[in-house]
Amino acid sequence: MKFETLKNPPAPFRGMPFWAWNGRLDKKELIRQVRIFKQMGFGGFFMHSRSGLSTEYLGAEWFACIRACAKEAERLGLHAYIYDEDRWPSGTAGGRVTKNPKYRIKYISLHTVSRGQFDLAAFGQEYLAAFAVRLARGTLLDYYPVVDRAEIKDGYVAAVFCVEEMAKDPFYNGYTYLDTLNPQAVGCFIAETHEKYRSAVGDLFGNAIRGIFTDEPHRGCIFGGFALPNENKHGMTPYAYGLFDTFLSVCGYDLLPRLPEIYWASGPDAFSKTAYDYVRTLQQLFLDSFAGPYRIWCAQNKLTVTGHILHEDSLSAQTAMSGSMMRYYEYMDYPGIDVLTEQNRAYWVAKQAQSVVRQLNKPFLLSELYGCTGWQFNFEGHKNTGDWQALLGVNLRCHHLSWYTMEGVAKRDYPASIFYQSAWYDAYTYVEDYFARLGMALSAGRPVCDVLAINPIESVWGYVRQGCFEGLSANSGEIKRLEESYARQFMCLIDEGVDFDYGDEDILARHARADGGVLSVGAMRYKTVLLSGADHLRASTLALLDKFTAGGGRVVLCGDPPAYVDGKRTSIDCSRFEAARDEAAAARRCALYTAVRLDTGGEKGFLSAVRKTGEGEYLAAVVNLDREGGKEAELTFSVSANVFEYDLRSGREKPCAFVREAACTRVKTSFAKGQERMLIFTQAETPAYTAKPAEVQEIRLEDALPYVLDEPNILVLDTADYYVDGQPRGRAEVLKADRAVRQEFGLPQRGGNAVQPWYRERYGAAEKTKTACRLKLVYRFYAEAFPETLGLVCERPALWDITLNGREIKKKEGGGYFIDNSFKRIPLEATALLPGENTITASCDFSAETDLEAMYLIGGFGVRLDGDGTRRTLTALPDKLSAKKSMSEQGLPFYSGKVTLDTGITEGDVSLSFARMRCAYVSADFGRETETVCFAPYETDVHTVTGRLKLTVCFTRRNTFGPLHVADPKQRAYGPFSFVTEGGEWTDGYTLYDEGLCFPTVRLVRKGG
């Protein structure tokens, strides 16, 4: 491939974030933000309604904004996509569809009652069937149908099965999720959403509007209760109007008389054919009712289908919400996944999707990534979370989330905002260039993959029963065993350097063929099949494997053979299979049969991807999955070739030290924590590698350096004394005060699950705008130094009467915004400050539409937090800043902008090396050249200093926007729930992240070095 094309990859390989439309939309502001996407190095965006949207969803103004943004994107060379729902999951058109009860999601709901309480009349028209059941320790010993209590024998109880609708939920604007198993309901959704888009902006389909994102459609949770507000949620499993007819057609027998068999295990086997067939039928209904019609409509209207369904992280989650994710991916042009949090290690999520992408020859694999990561998530976090996904096929990154505004609840919608609100936004091109190069490179040529692993998802289906899941997690010993084996087998394969694809049994039944020892699945060819961690197989899969082995193909069987075929206990002839005692042995055997692979010499914790780009030409990307420590490695590539390295960070080719042998190539190298390398193996000559020992002298920086802040310093005002109609209510953090006042007056609570503002406005909730009370907030702080400049930042200042120490503050227009377009600057007179205690008082007429949010004092002051952090004092800023103290100790506890440091170095050829990063990134300005440092090993190249060497340290917004009062600042996931914790998870003081300076080691490189 031509590596010069990787220097600046085109839009399709660049990230396309969720653009959260979450306030009152303004076309001029939207156009400004489209241009910022271009500035940040993105390739486009998905226009996505989120919590806080005030402009009517799918109204005339909405479509005018869609058109304007799509046209501006086209002008700038960006790709614009629409999104098919108000918030998520896809299917309700913001509640418009599920106003109709026929289209609301429904479940089979079990009610177990004693013989004396049994009365069918009490269950009304939604009754399906009733049985007398005899149970022992959760096992079904016997059952028979009943209609009268007299028919129930001693020792039996009545099991009554009814149809129960999902309880209404404000998140669906007062209604429910869609019955995605009902073709008429799905047709209504398409009419209310897709057809309205076609009428309004259909002329842009296929050009200015490239495609559509469908987000988390599902067919309802089996037993786990996920996303269900119903009291009986753990006794509920999906129902469809056509369920029993479809079951009879697919499975050949009637489900209704066997309903108890999907709730309890029966007989000597834990595996249930009835449960297996039930899940299989739900899968078919979901595909036929939702996935199929959706794709057909989009294909007819020139819209690319992408997005993801709910929820992929485990076999349990897939079974609970959908059945088989891989089967749904066939219906998507660009299949997608959702990887939440920074610590997610569910690598198989990407591998499943990558397998379908390869087999069915789809060009892109999308990941909705970075959700729930928090404001402290820095550039290195972006890299670490994205690297493994890229090596497993993700080449279209959908960043979660870029906010249109931070007003009101929007600022807590699964932060951080990967947009202009983050101080690092104007340097984000560094991250985007890196991933665009990586994604484009790993899309070149064809994958080197000889192994197919049968996906054991259908083995889980037979263990479905009441209590088998808790939410989306396994709560059954049999399913936990399958999960553990699944994860273990994946890790063993990658530790052996074996690339592989999963084979979904339904896709195999329709797309696979065996011929001469090769198993073909669509565009892919496999020479080895791995059968591991499966209790069940389809007869069609067994027949395929028989033909494959008869032609000379290899099947590696890990552990015991599957005991069930098509839901029934069956003895399988494994005489042609090669036995492996465990997952590690199976992986080693697969490695023996893999002709081309990259061996890490027994060193675990690496992930690699190999592509064949020409005859005898390959590229191999390798990443160290360890985010805490570095590793030495001798990489052995099973092809004899010359080698050079492509630096994904700089976009430059570099010589590489290697040893070429007759049958292989060896590269001895090192990896810092999380570090990547891309090695190019070629038959052409490569530049000679010379490692000249440079003669260096270390230059010691001063312990503290002069600095300049690029933003005013901040004092967060988020705790106040509050008064209702003049009566004191105590001191509280403002969100807690907001909740208390709403509870006092019976007003709806705010939050990400509340009814959307546009819906309340459009469909009538005017009475909720009535004034409930006169509310006063009194913020207290102290001063012992007096800055020359001072300002107050707040949202919707027109709603508030504000005083500083009793002096009225005049709110002038045109003061601009601070950080976010909703944070308006109000100049204050610094002379109004008093030594000691000061108060800012804000009063308003409080209604359901009033948002109590933090305010911010900004200016040229320092801040000291005394005691437990609840006493806040303005101080003088220090003359210099030190790397030996925290920012909090130096008067900047809440500061989240950039700091530029003057090193005092004015000449010489120097390189920099940082021990760690305590910020988003560091930019080193050498005069004529700059270099960004954010990924380990945190080193720069050698540069000639002209003028003065300066370092710009860019912080994240964590210590401004929090959550500032969560007891443990390091949470696994961040969302609206993180800001309103209670009990031991809450503290009145401030919990701040260790963001700060880290001075580099400066090495002076002498001429000739």
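This is a short tour of the structure, stop by stop, with something to select at each one.

Before you start, know that this is a predicted model, in which local features need pLDDT of at least 70, side-chain atom pairs count only at pLDDT 80 or more, and totals for chains, interfaces and linings use all residues. Residues are numbered from 1 along each chain as its sequence is written, and side-chain values use heavy atoms, with hydrogens and water left out.

**Stop 1: the core**

Select Trp19, Trp21 and Leu857. Within the largest nonpolar core, which has 287 residues, these three touch the most other members. A nonpolar core here is a set of buried Ala, Val, Leu, Ile, Met, Phe, Trp, Tyr and Cys residues joined through side-chain atoms within 4.5 Å. Buried means under 20% relative accessible area, exposed means over 50%, and partly exposed is in between (1.4 Å probe, protein chains only). Now colour helix α6 (residues 273-300): with 13 residues, α6 gives this core its largest share. Helices (H or I, at least four residues) and strands (E, at least two) are DSSP runs, numbered from the N terminus.

Zoom in on Trp21. Skipping neighbours within four places in sequence, its contacts (heavy atoms within 4.5 Å) include Leu30, Met47, Trp62 and Tyr404.

Another core, of 31 residues, lies apart from the largest one; Met887, Val899, Val945 and Phe999 are among its members. In soluble globular proteins, nonpolar side chains tend to be buried together.

**Stop 2: a histidine in a loop**

Go to His400, in the loop between β14 (396-399) and β15 (402-403). Is His400 buried or exposed? Its relative accessibility is 5%, so His400 counts as buried. Show its surroundings too: beyond four places in sequence, His400 is in contact with residues including Phe18, Arg50, Glu368 and Tyr414.

**Stop 3: two helix pairs**

Select α3 (residues 183-192) and α4 (residues 194-201). They pack at an angle of about 20 degrees, and their axes are 3 Å apart. Axes are lines fitted to C-alpha atoms, for helices over the stretch in contact, and angles run from 0 to 180 degrees between N-to-C directions. That makes α3 and α4 roughly parallel; the cut-offs are under 35 degrees for roughly parallel, over 145 for roughly antiparallel and 65 to 115 for roughly perpendicular, with the rest oblique. On the α3 side, Phe189, Ile190, Ala191 and Glu192 make the contact, and on the α4 side His194, Glu195 and Lys196.

Next, pick α9 (residues 347-359) and α13 (residues 477-495). Here the angle is about 75 degrees and the axes are 10 Å apart, so α9 is roughly perpendicular to α13. Look for Tyr347, Trp348, Lys351 and Gln352 of α9 meeting Tyr486, Ala487, Phe490 and Met491 of α13.

**Stop 4: the strands**

Find the open sheet of five strands, with antiparallel pairing, in the order β41-β51-β45-β49-β48. Two strands pair if DSSP finds at least two bridges between them. At the edges, β41 (713-717) and β48 (817-818) each pair on one side only. Inside the sheet, β45 (residues 790-794) and β49 (residues 820-827) share four bridges, and Gly791 stands opposite Pro827 in β49.

Finish with β53 (residues 871-875). Four of its five residues are buried, so β53 is largely enclosed by the rest of the structure. Strand β44 (residues 773-783) pairs with β53 in the parallel sense over two bridges, with Ala783 opposite Leu874. Strand β52 (residues 862-866) runs antiparallel to β53, joined by five bridges, and Arg864 has Thr873 as its bridge partner. β52 and β53 make a hairpin with four residues between them, and Gly867 in the turn has a positive phi of about 60 degrees.
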